[in-house]
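Please examine the sequence and the three-dimensional structure shown here. An explanation in running paragraphs accompanies them.

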Amino acid sequence: MEHGTYPGARRPDRRRRVDSDGVSISVVEWGDPDDPPVVVAHGGFDFAETLDVFAPMLADEGWRVVGWDQRGHGDSDRSELYSWDADVRDAAKVLASVSSDPLPLIGHSKGGSMVMYLAATMPQRVRALVNLDGLPSGAGMSDVSERERIRSIRGELGAWLGHRRSLVGKERRPGTIDELAARRGRMNPRLSPEWLRFLVTVGAVESEDGWRWKIDPTMRFGGFGPWDPDWSMRQLPGVAAPFLGVLGLEPEVMGWGTRPEDLDRYLPPDARVVALDGVGHFVHIEQPRRVADLVLEFLS
Amino acid sequence: MTGDEPTWLQHHRIRLALHRLDPGRADLRPLLLLHGLGEATPAAVPAHIHWPGPVLGLDFTGHGRSTVPTGGGYTAEILVADVDTALEHTGPVTVVGRGLGAYIGLLAAAARPDTVRGVVLVDGPGLAGGGTEPGSPSIVAPFPGAQAPPDPYALVELARDPRPSSYAQTFVRFLLEESDLDEPIVVDTLVRPPWVQAVSAEPGVVERPLRDALARYAELD
């Protein structure tokens with residue numbers, strides 16, 4: 001396979017930038033600019049071009065697909081601070097740059113929680129909502145004793161502060177395309193080496209000493225804070241727009257392990273949930289054709 | 001105020017101002033003041049604070065003379081890391097936190113039970129935070145371009161930061177278990193948002209006027 005290519009992958013047709021009060025956000029688009037828009041939010045530690053196979057499938061069926069790199073990810077600015085509030089504020093700026101009419105929103109993983117949040121804050125802007133394995137539940141959190149729970153939170157806090165202390169001047173570790181692909185493969189064990197190598201060529205930059213992922217080295221799994229999965233899920237029952245949820249049932253390190261029955265008490269009327277057996281957390285990357293067809297049918 | 005230039009500490013991309021309000025006796029443990037939401041370290045040691053050692057004050061990110069970041073993104077956790085950056089420089093201190101600084105001081109003490117030799121929680125702006133859980137979701141943005149301290153993003157974002165009682169309790173319990181002090185946490189607030197009620201209800205947390213608390217902490221090694 002040629003360097004920097006992947007079967008079915010198409011780089012964005014257009015690129016532009018949106019200013020979010022001094023933080024420059026990279027926006028990418030696939031498809032005819034006059035087609036109806038659909039906005040797609042990527043997951044944490046991803047970037048818009050992880051949609052390079054999935055987005056063209058929607059574009060080829062008559063959609064203007066708009067994605068953006070969340071702050072600190074991909075080609076957007078790194079900022080001093082990162083938070084949920086900042087991410088959804090940036091998202092609202094991107095949305096405003098696309099259209100003032102209601103439009104469909106799609107989100108994967110963290111992006112799925114973001115589009116549910118956007119639908120709750122600006123319901124008048126959302127025509128339909130698609131959540132790709134971004135429905136958090138406590139299913140993956142095992143029962144632990146109070147004492148273990150305190151130890152665990154204390155451990156997270158200590159590790160996080162250690163990380164903060166280590167950051168001054170920190171850069172991502174350089175490597176070859178294969179090395180970066182292998183590192184990412186530890187977080188994405190179900191994705192093919194060919195795909196991961198392609199991702200390096202669009203999500204990393206090459207300099208004299210090798211390739212580095214563009215993502216801000218500040219980003220780290222497992223911050224600490226009082227977040228509860230229910231805080232995200234409680235946005236769901238009130239969603240008035242048509243809702244499609246897609247779950248990948250294969251347990252995976254970055255997924256929530258959410259089962260269809262975990263969603264029963266949250267689903268709004270007429271919501272549709274499709275659970276995919278044998279598919280992991282990155283449903284739209286593992287099975288782009290199948291998920292694109294589900295989404296296209298839902299949006300039609 | 002001594003008129004000294006603050007000590008500048010680097011917390012990743014943020015430059016933090018650590019002020020020395022009173023040199024005190026250099027062989028004694030410093031007192032570290034943490035200001036409330038929207039405040040800054042005071043120019044002089046407040047009249048009601050009596051401490052024999054050095055008196056220091058940290059300006060949080062976006063406050064006082066510390067860096068005002070671009071485009072917001074504040075969390076209580078990042079301010080805890082501000083304090084941790086200061087602790088790495090100061091070594092053992094006793095902490096007095098006002099309002100938001102009380103909450104941050106408590107978490108920092110739990111994170112570094114050997115370095116924080118007593119924390120006193122007192123009234124001040126931002127004590128309540130955003131309540132025990134998020135309210136209706138909203139997208140908050142101050143007037144853009146107002147990049148001066150106190151950062152308007154800090155004011156709107158930290159005023160809605162959720163503080164579940166169980167979360168604060170977790171850190172209190174850890175601190176009580178880990179600290180070798182008999183009374184590592186003193187509460188002296190008139191205002192009692194749920195997280196403060198939960199903290200003060202924990203066996204081992206004491207209620208005592210600030211003046212007395214500082215007098216006792218000053219006696220500790």
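The structure is a predicted model. In chain B, an open sheet is built from eight strands, in the order β1-β2-β4-β3-β5-β6-β7-β8, and its pairing is mixed. The edges of this sheet are formed by β1 (7-11) and β8 (206-207) of chain B, each of which pairs on one side only. Within the sheet, strand β2 (residues 14-22) of chain B runs antiparallel to strand β4 (residues 55-58) of chain B, and four bridges join the two. One position in this pairing may be located by name: His19(B) has Gly57(B) in β4(B) as its bridge partner.

Helices also lie against the sheet. Helix α2(B) lies across β3 (31-34), β5 (93-98), β6 (116-122) and β7 (185-188) of chain B, and runs at about 155 degrees to β6(B). Helix α6 (residues 210-219) of chain B packs on the sheet as well, where it touches β5, β6 and β7 of chain B. The direction of α6(B) makes about 175 degrees with that of β6(B).

Two packed helices are described by the angle between their axes and the distance between the axes. For helix α2 (residues 100-111) of chain B and helix α4 (residues 165-178) of chain B, the angle is about 40 degrees and the axes are 8 Å apart. Because of this angle, α2(B) is oblique to α4(B). The crossing of α2(B) and α4(B) is left-handed. Which residues meet where α2(B) contacts α4(B)? From α2(B) come Leu106(B), Leu107(B), Ala109(B) and Ala110(B), and from α4(B) come Ala168(B), Phe171(B), Phe174(B) and Leu175(B). By class, the residues of this contact comprise eight nonpolar, no polar and no charged.

Helix α4 of chain B also has a part in the contact between the chains. That contact takes 35 residues from chain B and 34 residues from chain A. On the side of chain B that touches chain A, at least two residues are supplied by each of β1, α1 (76-90) and α4 of chain B. The largest share of that side, five residues, comes from α1(B). By class, the side of chain B that touches chain A has 16 nonpolar, 11 polar and eight charged residues.

Chain A is divided by its domain assignment into domain 1 (14-140 + 226-299) and domain 2 (146-213). The C-alpha centres of these two domains of chain A lie 22 Å apart. Domain 1 of chain A contributes 13 residues to the contact between them, and domain 2 of chain A contributes eight residues. The side of domain 1 of chain A that touches domain 2 of chain A has five nonpolar, three polar and five charged residues.

Also in chain A, strand β7 (residues 204-207) and strand β8 (residues 210-213) pair in the antiparallel sense over four bridges.

Two details of the backbone remain. Most residues other than glycine have a negative phi, and most peptide bonds are trans. Phe45(A), although not a glycine, has a positive phi of about 70 degrees. Phe45(A) lies in the loop between β3 (37-41) and α1 (54-59) of chain A. In chain B, the peptide bond from Pro149(B) to Pro150(B) is cis, with omega near -10 degrees. Pro150(B) is found in the loop between β6 and α3 (152-158) of chain B.

Methods: Residues are numbered from 1 along each chain as its sequence is written. Chains are lettered from A and ligands numbered from 1 in the order in which they are written. This is a predicted model: local features need pLDDT of at least 70, side-chain atom pairs count only at pLDDT 80 or more; totals for chains, interfaces and linings use all residues. Axes are lines fitted to C-alpha atoms, for helices over the stretch in contact, and angles run from 0 to 180 degrees between N-to-C directions. Angles under 35 degrees count as roughly parallel, over 145 as roughly antiparallel, 65 to 115 as roughly perpendicular and the rest as oblique. A crossing is left-handed if the near helix is turned anticlockwise from the far one by less than a right angle, and right-handed if clockwise. Two residues are in contact if their C-beta atoms, placed from the backbone, lie within 7 Å. Ala, Val, Leu, Ile, Met, Phe, Trp, Tyr, Cys and Pro count as nonpolar, Asp, Glu, Lys and Arg as charged, and the others, Gly among them, as polar. Domain bounds come from an automatic or database domain assignment. Two strands pair if DSSP finds at least two bridges between them.
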